[in-house]
Amino acid sequence: MNHAFTMASLGDGYRALVIGASGALGTAFCQQLEQDPRCAGVRMLGRHTLPKLDLEQPETIADAATELAAEAPYQLIVHAAGLLHRDRIKPEKSYSAIESESLQAVFQVNTLGPAMVLRHFLPLLDQRGAMAMLSAKVGSIGDNRLGGWYAYRASKAALNMLIKTAAIELTRTRPQSRLLSLHPGTVVSPLSQPFRGASSARPADVAAAQLLSLIDQLTPADSGHFFAYDGERLPW
Ligand SMILES: NC(=O)c1ccc[n+]([C@@H]2O[C@H](COP(=O)([O-])OP(=O)(O)OC[C@H]3O[C@@H](n4cnc5c(N)ncnc54)[C@H](OP(=O)(O)O)[C@@H]3O)[C@@H](O)[C@H]2O)c1
């Protein structure tokens with residue numbers, strides 16, 4: 001699907017950085033941004049890029065940021081990495097299924113790694129730039145009606161707290177910037193594949209286009225809030 005898409009809020013010749021660029025949403029973000037005539041370049045980071053960024057190897061986060069500092073500032077940073085399941089890690093249906101190792105791995109990828117991304121990449125964000133981190137509605141404590149998925153829910157709730165806290169700091173130091181927590185909706189991807197059934201999962205390119213237009217519409221006054229792809233403000 002080819003969109004005549006353009007980000008109006010970041011100025012001409014804006015530069016973008018996508019972390020987790022190999023995922024379904026990450027790839028779609030990169031493709032959309034590369035097609036935007038206003039975008040001067042898209043830097044992609046992940047476990048298999050150069051430099052590499054592995055959320056389970058914190059030194060790679062610091063090293064990647066140091067290496068990219070020469071091409072900073074970025075007007076847009078999107079963090080699109082995340083972990084719900086892999087190998088022996090499965091979302092828990094009951095507290096009796098909580099496993100220490102899985103909990104640690106999910107928190108490392110969804111919370112602790114992103115905390116280090118905030119630390120090392122926020123300094124590379126333009127004064128008027130936007131940084132969006134993909135969270136998940138199941139990380140909303142207020143919206144939790146079904147239970148289950150202990151590690152994933154808790155790791156995204158904690159990610160939301162980190163985003164909110166950093167956004168408060170940014171309002172003091174860079175009041176024209178935006179730091180956003182975004183829920184992409186249910187999207188066709190390896191992450192959602194075992195769990196989405198025959199539901200209304202959207203293709204990643206549609207979701208990425210919706211999220212980019214949302215980022216474009218949100219203002220510094222919206223910084224530090226949690227939004228769904230359709231613009232609905234979600235409860236923490
Ligand atoms: N799909 C949905 O329905 C849905 C719903 C709500 C929220 N989300 C959120 O949206 C984001 C993107 O999800 P997706 O659906 O695009 O999933 P995906 O296709 O499975 O992509 C996941 C991405 O995370 C990266 N990643 C995993 N572990 C990593 C690590 N240790 N270090 C660096 N990168 C790592 C993967 O890199 P590799 O290629 O190296 O594995 C990949 O780029 C996630 O934060 C997810 O929680 C998705």
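**Figure 1. Packing of helix 3 against helix 4 in the predicted model.** The axes of helix 3 (residues 100-121) and helix 4 (residues 150-173) approach within 8 Å and cross at roughly 10 degrees. Helices (H or I, at least four residues) and strands (E, at least two) are DSSP runs numbered from the N terminus; axes are lines fitted to C-alpha atoms, for helices over the stretch in contact, with angles from 0 to 180 degrees between N-to-C directions. Helix 3 and helix 4 are therefore roughly parallel to each other, where angles under 35 degrees count as roughly parallel, over 145 as roughly antiparallel, 65 to 115 as roughly perpendicular and the rest as oblique. The crossing of helix 3 past helix 4 is right-handed, the near helix being turned clockwise from the far one by less than a right angle. In helix 3, residues including Leu-103, Val-106, Phe-107 and Leu-118 meet residues of helix 4, among them Ala-151, Tyr-152, Leu-159 and Leu-162; contact means heavy atoms within 4.5 Å. This contact comprises 14 nonpolar, three polar and one charged residues. Ala, Val, Leu, Ile, Met, Phe, Trp, Tyr, Cys and Pro count as nonpolar, Asp, Glu, Lys and Arg as charged, and the others, Gly among them, as polar.

This is a predicted model, in which local features need pLDDT of at least 70 and side-chain atom pairs count only at pLDDT 80 or more, whereas totals for chains, interfaces and linings use all residues. Residues are numbered from 1 along each chain as its sequence is written, and side-chain values use heavy atoms, with hydrogens and water left out.

**Figure 2. Packing of helix 2 against helix 3.** The axes of helix 2 (residues 58-68) and helix 3 come within 9 Å, crossing at roughly 30 degrees. Helix 2 and helix 3 are therefore roughly parallel to each other, and their crossing is right-handed. Pro-58, Ile-61, Ala-62, Ala-64, Ala-65 and Leu-68 of helix 2 meet Gln-108, Gly-113, Met-116, Val-117, His-120 and Phe-121 of helix 3.

**Figure 3. The largest cavity.** The largest cavity has a volume of about 40 Å³. On a 1 Å grid over the protein atoms alone, a cavity is a set of points where a 1.4 Å probe fits but cannot get out, and a pocket is an open set with protein on both sides within 12 Å along at least five of seven lines; lining residues have an atom within 4 Å of a point. Grid points are joined across faces, edges and corners, and a volume is the space filled by probe spheres set on the points. The lining of the largest cavity includes Leu-84, Ile-89, Lys-90, Leu-103, Val-106 and Tyr-152. Helix 3 contributes the most to this lining, with three residues.

**Figure 4. The second largest pocket.** The second largest pocket holds about 200 Å³ of space. Among its lining residues are Ala-115, Leu-118, Arg-119, Leu-162, Glu-169 and Arg-174. Helix 4 supplies the largest share of the lining, six residues. Seven nonpolar, two polar and three charged residues form the lining of this pocket.

**Figure 5. Backbone features in the loops.** A cis peptide bond, with omega about -5 degrees, joins Leu-50 and Pro-51; Pro-51 lies in the loop between strand 2 (39-45) and helix 2. The peptide bond from Ala-72 to Pro-73 is also cis, with omega near 5 degrees, and Pro-73 lies in the loop between helix 2 and strand 3 (74-79).
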